[in-house]
Amino acid sequence: MNKTLAAAVTLGLTVLAASAGLPHATARTAAAPAAPAHPWHEAADHMGSGLTARLPARTVHHSATAAVPDTTTTLKGLDVSAFQENVDWPSVAAKGASFAYVKATEGTDYTSSQFSQQYNGSAAAGLIRGAYHFALPNTSGGSAQADYFIAHGGGWSDDGKTLPGALDIEYNPYGATCYGLSQSAMVSWITAFSTEYHTKTGRYPIVYSTRDWWSTCTGNSATPGQHDPLWIANYGGSPTPLPAGWTTYTIWQNADSGTFPGDQDVFNGTTADLKTFAHGTYTPPPPPPGSGWPVVSQGATGHSTTTIQYLLNAHGYTLAVDGDFGPATRSAVLAFQSGKGLTADGIVGPDTWQALIVTVQSGDTGPAVKAAQAELAAHGSTLAVDGDFGPATRSAVLAFQAGKGLTADGIVGPDTWQALVS
């Protein structure tokens, strides 16, 4: 069905459903803008398009690429869609790409016009490649979309150069974030897609998503993680935190631009591991050690959350400092991240910590001093958390710095903050 006719039909269904008091989850126009000339933009829908749309304008993701360890076991790759058009695959291979994922389908009525060139071209250049499906859970069932994906390039064969198909399940590009589905209905949809794909190909698909979307739209379900590999998207400098059900990840999408066309990805393993994954079951190693900054998100409790709340207050917020990372704290983190040009995901990772910390020293007062005092107390000091950086606080800082092998200057700067919160 062409898009003009589809738009007219679904608009009519929406009107009829509204007049009859019936749901209209299958009508795409229910989630689209009111009256655009061309509401469909499948070529622009790609892995991470929803995440990229949530980034502040002109954000440059310096830390996302810098956070990837420069080792021989770090395999770099990319994912592309029709938006990238005719990719120069020999150049991509020459720049060090080992693998690629190519968008094949969306919903049950779109196939990428660039799929053959990108899928076959990447293989011809020596990359191990796979196909991905952009899910539209409000237009048809998970099983139907898996069948459509398989029939239009998304299958798998044990030839050593084909990766299992990927399910791109993320922010709705046409409207409501969760496509109008309840959390339980979304989990059922994902399970239906995964089960059908496994039945037809013998492999479970790798699931691509962000922790924020997964928590919001599935209730942080652990069900798919029982058998589906994880492709995590996080532009904040670390692949963690992971959604429930997964203790590790197979692929990390760490930036929306960089060395290669499209999005930038890292495979969690060696070249031999990548080949193993292409052939069948692969168990990735645990996430690599972080930068020393903890990753803290909604649901966390304890002294790290207390410190975050004090530091947010030092930046002008008025949070209750209760050590409970609830909705109010997350909202403040989101606002802070947006104001600083960071990825606004509500998660306090390395980049957000480094923007939050405030250097404090003798004579200073206020919430940032309380944050330092609370951390010193968590490390065994008997300081009063009163927000006054006096002689007792300076002595406690000096003792902590000496014990950690830091420069003992009595000033709580970046290195001392990192040691305090890690």
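Close-up 1. A disulfide here is a pair of cysteine sulfur atoms within 2.5 Å. In general terms, a disulfide is a covalent bond between the sulfur atoms of two cysteines. This is a predicted model, where local features need pLDDT of at least 70 and side-chain atom pairs count only at pLDDT 80 or more, while totals for chains, interfaces and linings use all residues. Residues are numbered from 1 along each chain as its sequence is written, and side-chain values use heavy atoms, with hydrogens and water left out.

Searching the whole structure turns up one disulfide. C178 and C217 are its two ends, with 1.9 Å from S to S. The link of C178 and C217 is left-handed, with -80 degrees about the S-S bond. The pair ties together distant parts of the chain, 39 residues apart: C178 sits in the loop between β5 (166–168) and α7 (183–201), and C217 belongs to helix α8 (residues 211–218). Helices (H or I, at least four residues) and strands (E, at least two) are DSSP runs, numbered from the N terminus. Are these two cysteines buried or exposed? Buried means under 20% relative accessible area, exposed over 50%, and partly exposed in between (1.4 Å probe, protein chains only). C178 counts as buried because its relative accessibility is 13%, and C217 counts as buried because its value is 0%.

**Close-up 2. The whole protein, for orientation.** Stepping back, the protein has 15 helices and nine strands. Of its 422 residues, 51% are buried. Contact means heavy atoms within 4.5 Å. Among contacts between residues at least 6 apart in sequence, 63% join residues at least 24 apart. The protein exposes about 17,200 Å², and carbon and sulfur atoms supply 55% of that; these accessible areas come from the Shrake-Rupley method with a 1.4 Å probe, and for residues only the protein chains shown count as cover.

Close-up 3. Why is strand β2 (residues 97–106) largely enclosed by the rest of the structure? Because nine of its 10 residues are buried. Two strands pair if DSSP finds at least two bridges between them. Strand β1 (residues 74–80) pairs with β2 in the parallel sense over five bridges, and K76 stands opposite A97 in β2. To get from β1 to β2 the chain passes through helix α4 (residues 89–94), and this β-α-β crossover is right-handed. Right-handed means that, with the strands pointing away from the viewer, the path from the first strand over the helix to the second runs clockwise.

β2 also runs parallel to strand β4 (residues 128–134), joined by seven bridges. K103 has Y132 in β4 as its bridge partner, and T105 stands opposite H133 in β4. With strand β3 (residues 110–111), β2 runs antiparallel, with two bridges; here the bridge partner of E106 is Y110. The hairpin of β2 and β3 has three residues between the strands, and G107 takes a positive phi near 60 degrees there.

**Close-up 4. Strand β4, covered on both faces.** In a regular strand the side chains alternate between the two faces of the sheet. In β4, seven of the seven residues are buried. I128, G130, Y132 and F134 lie on one side, with R129, A131 and H133 on the other, and both faces are covered. β4 runs parallel to β5 through three bridges, where F134 has D168 as its bridge partner. Together, β4, α6 and β5 form a right-handed β-α-β unit.

Close-up 5. Which residues of helix α5 (residues 115–124) are buried? They are F115, Q118, Y119, G121 and S122. These buried residues pack against β1, α4, β2, β4 and α6 (142–154). Just after α5, G126 takes a positive phi of about 95 degrees. T139 is in the loop between β4 and α6, and T139 counts as buried because its relative accessibility is 19%. The C-alpha atoms of T139 and T108 are separated by 8.1 Å, though the two residues are 31 apart along the chain.

**Close-up 6. Two nonpolar cores.** A nonpolar core is a set of buried Ala, Val, Leu, Ile, Met, Phe, Trp, Tyr and Cys residues joined through side-chain atoms within 4.5 Å. The largest one has 62 residues, and L78, Y101 and I169 have the most contacts inside it. β2 gives the most to this core, with six residues. A second, separate core has 32 residues, including L311, A332, V369 and V412.
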